[in-house]
Amino acid sequence: MVTNILLAILVMAAVTYLIRVLPLVLIRREIKNKTVRSFLHYVPYVTLTVMTFPAILSATAVMWSGLAALAVATVLGLRGCKLPTVAAFACLTVFLVELIPF
C-alpha cells in the first residue's frame, strides 16, 4: 500500500516536472507566430475563468443567487469599480437573492 502511494507521488512529480521543463528545453528562441503568441497571452485568463466560474455557481445555497452576484460583479467590474466595492455588492446580491423564497 505504501509503495503504491510513493510510486503515485513519484509519477505525479515527474509529470509535473516534465510539463514545466519541456517548453524551456524545446523552445529556445522567441515565438514570432502571432496566433501562438495570442493563444499564450490568453491562457492565464481562461484558466482562471474555468476554475472560478463553477465555484461561483456552486458556492451559494441557490444557483440563482450566484448567477445574480456574477452579473452584478461583471457589470461593476466593467464600469471600473474597485475590487472591494465589487465584492461587497456581489455579497449583498447573494444575501438579497437568497431572501427570496424559491
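Visitor: What should I know about the model before reading values from it?

Guide: Residues are numbered from 1 along each chain as its sequence is written, and side-chain values use heavy atoms, with hydrogens and water left out. Because this is a predicted model, local features need pLDDT of at least 70, totals for chains, interfaces and linings use all residues, and side-chain atom pairs count only at pLDDT 80 or more.

Visitor: At what angle do helices α3 and α4 pack?

Guide: Helices here are DSSP runs of H or I with at least four residues, numbered from the N terminus, and α3 covers residues 63-78, while α4 covers residues 83-99. Axes are lines fitted to C-alpha atoms over the stretch in contact, with angles from 0 to 180 degrees between N-to-C directions. The axes of α3 and α4 are 8 Å apart, and the angle between them is about 150°.

Visitor: Which orientation of α3 to α4 follows from that angle?

Guide: Angles under 35 degrees count as roughly parallel, over 145 as roughly antiparallel, 65 to 115 as roughly perpendicular and the rest as oblique. With an angle of about 150°, α3 is therefore, relative to α4, roughly antiparallel.

Visitor: Which residues of α4 make the contact with α3?

Guide: Contact means heavy atoms within 4.5 Å. On the α3 side the contact is made by Trp 64, Ser 65, Ala 68, Ala 69, Val 72, Ala 73, Leu 76 and Gly 77. On the α4 side it is made by Val 86, Phe 89, Ala 90, Thr 93, Val 94, Val 97 and Glu 98.

Visitor: Is Thr 93 buried or exposed?

Guide: Thr 93 is found in helix α4, and it touches Ala 68, Ala 69 and Val 72 when residues up to four places away in sequence are not counted. The cut-offs are under 20% relative accessible area for buried and over 50% for exposed, with partly exposed in between (1.4 Å probe, protein chains only). Since its relative accessible area is 14%, Thr 93 is buried.

Visitor: Which backbone oxygen lies 2.7 Å from a polar atom of the Thr 93 side chain?

Guide: The polar atom in question belongs to the side chain of Thr 93, and the distance is 2.7 Å. The backbone oxygen at that distance is the one of Phe 89.

Visitor: With which side chain does the side chain of Ser 65 make a polar contact?

Guide: A polar contact is a pair of N or O atoms within 3.5 Å; within protein, one must be able to donate a hydrogen and the other to accept it, and residues adjacent in sequence count only if both atoms are side-chain atoms. Ser 65, in helix α3, is buried with a relative accessible area of 0%, and a polar atom of its side chain lies 2.7 Å from the backbone oxygen of Val 62. The side-chain partner, at 3.1 Å, is Thr 60.

Visitor: Which residues does Leu 76 touch, not counting residues up to four places away in sequence?

Guide: Leu 76 has its place in helix α3 and, at 16% relative accessibility, counts as buried. Leaving out residues up to four places away in sequence, Leu 76 touches Cys 81, Val 86 and Phe 89.

Visitor: How many disulfides does the structure hold?

Guide: A disulfide is a pair of cysteine sulfur atoms within 2.5 Å. The sulfur of Cys 81 has its closest cysteine sulfur in Cys 91, 15 Å away, and this is too far for a bond. Cys 81 counts as partly exposed at 32% relative accessibility, whereas Cys 91 counts as exposed at 54%. The number of disulfides is zero.

Visitor: How are α2 and α3 oriented to each other?

Guide: Helix α2 covers residues 34-58, and its axis comes within 6 Å of that of α3, crossing at roughly 130°. The contact is made by Phe 53, Ile 56 and Leu 57 of α2 and by Met 63, Gly 66, Leu 67 and Leu 70 of α3. The two helices, α2 and α3, are therefore oblique.
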